[in-house]
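This report covers helix packing and a handful of individual residues. Please have the sequence and the structure open while reading.

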Amino acid sequence: MTKTQKIIYYILLVLVSVLFLFSAFSKLTGNPMAEAGFTQAHLPMWFMYFIGIAEVCGVVGLWLSKFQTWAAYGLLIILAGAIVVTAIFQSVAFAAFPIVTAVVLGIILKLKNSSLSTN
């Protein structure tokens, strides 16, 4: 990985980590907007807390080289659910945010895998 790629990799990793931590925080603290979203999608409240815990675990895994790929795939599954639920219960336009997040997570994986193949 070149120096530029490494810088991009860590910037994207920090951005995605912060995004998921904020998302998890709103779920784990029972933010009324998070609750409203899960209620609107007819999902149980325990699932909101489960997703919040999974997001925190995913962020931790992203920073542990040994678990990074699995953590990224887990977060991509969460994002896939968010895309579908958002498109169905809100609007397709609002689903753009989790789509962009998934693309950024894919770029992180691609950069990490390219560094593994060159080492």
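## Basis

The model is predicted. Two packed helices are described by the angle between their axes and the distance between those axes. Both helix pairs are treated in that way below.

## H1 against H3

Helix H1 covers residues 3–28 and helix H3 covers residues 45–63. Their axes come within 8 Å and cross at roughly 160 degrees. An angle over 145 degrees counts as roughly antiparallel, and H1 and H3 are therefore roughly antiparallel to each other. The crossing of this pair is left-handed.

On the H1 side, the residues that meet H3 are Tyr10, Leu13, Val14, Val16, Ser17, Phe20, Leu21, Ser23, Ala24, Lys27 and Leu28. On the H3 side, the residues are Met48, Tyr49, Ile51, Gly52, Ile53, Glu55, Val56, Val59, Leu62 and Trp63. By class, the contact of H1 with H3 holds 16 nonpolar, three polar and two charged residues.

## Glutamate 55

Glutamate 55 sits in helix H3. Is this residue buried or exposed? Its relative accessible area is 3%, so glutamate 55 is buried.

Which side chain does the side chain of glutamate 55 meet in a polar contact? The partner is the side chain of lysine 27, at 3.3 Å. Both Glu55 and Lys27 are listed where H3 and H1 meet. With neighbours within four places in sequence left aside, glutamate 55 is in contact with Phe20, Ser23, Ala24, Lys27, Leu75 and Ile78.

## H2 against H3

Helix H2 runs over residues 32–40. H2 packs against H3 at an angle of about 120 degrees, and the two axes are 9 Å apart. That angle makes H2 oblique to H3. H2 passes H3 in a right-handed crossing, whereas the crossing of H1 and H3 is left-handed.

From H2, the residues in this contact are Ala34, Glu35, Phe38 and Thr39. From H3, they are Met45, Phe47, Met48, Tyr49 and Ile51. These residues divide into seven nonpolar, one polar and one charged. Met48, Tyr49 and Ile51 of H3 are also listed in the contact with H1.

## Histidine 42

Histidine 42 belongs to the loop between H2 and H3. What is its phi angle? The value is positive, about 60 degrees, although histidine 42 is not a glycine. With a relative accessible area of 66%, histidine 42 is exposed.

## Valine 104

Valine 104 is part of helix H5, which spans residues 96–118. The relative accessible area of valine 104 is 19%, and the residue counts as buried because the cut-off for that class is under 20%.

Valine 104 and valine 16 are 88 residues apart in sequence, while their C-alpha atoms are 7.6 Å apart in space. Apart from neighbours within four places in sequence, valine 104 is in contact with Leu12 and Val16. Val16 is also one of the H1 residues that meet H3.

## Threonine 69

How far apart are threonine 69 and alanine 93 in space, C-alpha to C-alpha? The distance is 29 Å, with a separation of 24 residues in sequence.

Notes
Residues numbered from 1 in each chain as written. Predicted model: local features only at pLDDT ≥ 70, side-chain atom pairs only at ≥ 80, totals over all residues. Heavy atoms only, no water. Axes fitted to C-alpha atoms, helices over the stretch in contact; angles between N-to-C directions. Helix = DSSP H or I, 4+ residues; strand = E, 2+ residues; numbered from the N terminus. Parallel < 35°, antiparallel > 145°, perpendicular 65-115°, else oblique. Left-handed = near helix turned anticlockwise from the far one by under 90°. Contact = heavy atoms within 4.5 Å. Nonpolar A, V, L, I, M, F, W, Y, C, P; charged D, E, K, R; others polar. Buried < 20%, exposed > 50% of the residue type's maximum accessible area, 1.4 Å probe, protein only. Polar contact = N/O pair within 3.5 Å; in protein donor to acceptor, adjacent residues only side chain to side chain.
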